[in-house]
Amino acid sequence: SSKATNDRLLTCLDWTLPVTKDSYVLDLGSGHGGISHEIAKRFGCKVLGVNISPEQNKMNLEEAAKEGVGNLVDVKLCN
């Protein structure tokens, strides 16, 4: 499942370079923000999503706010 894949990815990310609340994670091709939100929730750090779709970026920020991590997730439009 997507949730299980995200869990494995976040575990590997933390093994590579431990992520803390002071980290600032870059999510290239962030799409709707699923992994950005999971990173923010799990580690309490800031995440910058970069994506080419204004519609997906809007949904990303709306969902981040719903999930309580709107203060940790930001999104930039980049082509």
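Helix H3 (residues 54-66) has 13 residues and spans 19 Å from its first C-alpha to its last. This is close to the 18 Å expected at 1.5 Å a residue, where the expected span is 1.5 Å times one less than the number of residues. Helices (H or I, at least four residues) and strands (E, at least two) are DSSP runs, numbered from the N terminus. The model is predicted, so that local features need pLDDT of at least 70 and side-chain atom pairs count only at pLDDT 80 or more, while totals for chains, interfaces and linings use all residues. Residues are numbered from 1 along each chain as its sequence is written, and side-chain values use heavy atoms, with hydrogens and water left out.

The buried residues of H3 are Asn57, Asn60 and Ala64. Seen down the helix axis, these buried residues fall within an arc of 55 degrees, so they line one face of H3; the arc is that of the directions from the helix axis to the C-beta atoms. Buried means under 20% relative accessible area, exposed over 50%, and partly exposed in between (1.4 Å probe, protein chains only). The face turned away from the buried side of H3 carries the exposed residues Glu55, Lys58, Ala65 and Lys66. H2, S2 and S3 are included in what covers the buried residues of H3.

Asn60, in helix H3, has a relative accessible area of 0% and is buried. Apart from neighbours within four places in sequence, Asn60 is in contact (heavy atoms within 4.5 Å) with Ser30, Gly31, His32, Gly33, His37, Val73 and Val75.

Just after H3, Gly68 takes a positive phi of about 80 degrees. Leu72 lies in the loop between H3 and S3 and is buried, with a relative accessible area of 18%. Leu72 and Tyr24 are 48 residues apart in sequence, and their C-alpha atoms are 9.4 Å apart in space. Setting aside neighbours within four places in sequence, the contacts of Leu72 are Ala40, Gly44, Cys45, Lys46 and Val47.

Strand S2 (residues 46-51) has five of its six residues buried, so S2 is largely enclosed by the rest of the structure. Two strands pair if DSSP finds at least two bridges between them. Strand S1 (residues 24-28) and S2 run parallel and are joined by five bridges, with Val25 opposite Val47 in S2. From S1 the chain crosses through helix H2 (residues 34-43) to S2, and this β-α-β crossover is right-handed. A crossover is right-handed if, with the strands pointing away from the viewer, the path from the first strand over the helix to the second runs clockwise. Five bridges also connect S2 to strand S3 (residues 73-77), and these strands run parallel. Leu48 has Asp74 in S3 as its bridge partner. The chain passes from S2 through H3 to S3 in a β-α-β crossover that is right-handed.

The cysteines were examined for disulfides. A disulfide is a pair of cysteine sulfur atoms within 2.5 Å, and the count by this rule is zero. The sulfur of Cys45 is 16 Å from the closest cysteine sulfur, that of Cys12, which is too far for a bond. Cys45 is buried, with a relative accessible area of 0%, whereas Cys78 is partly exposed, at 39%.
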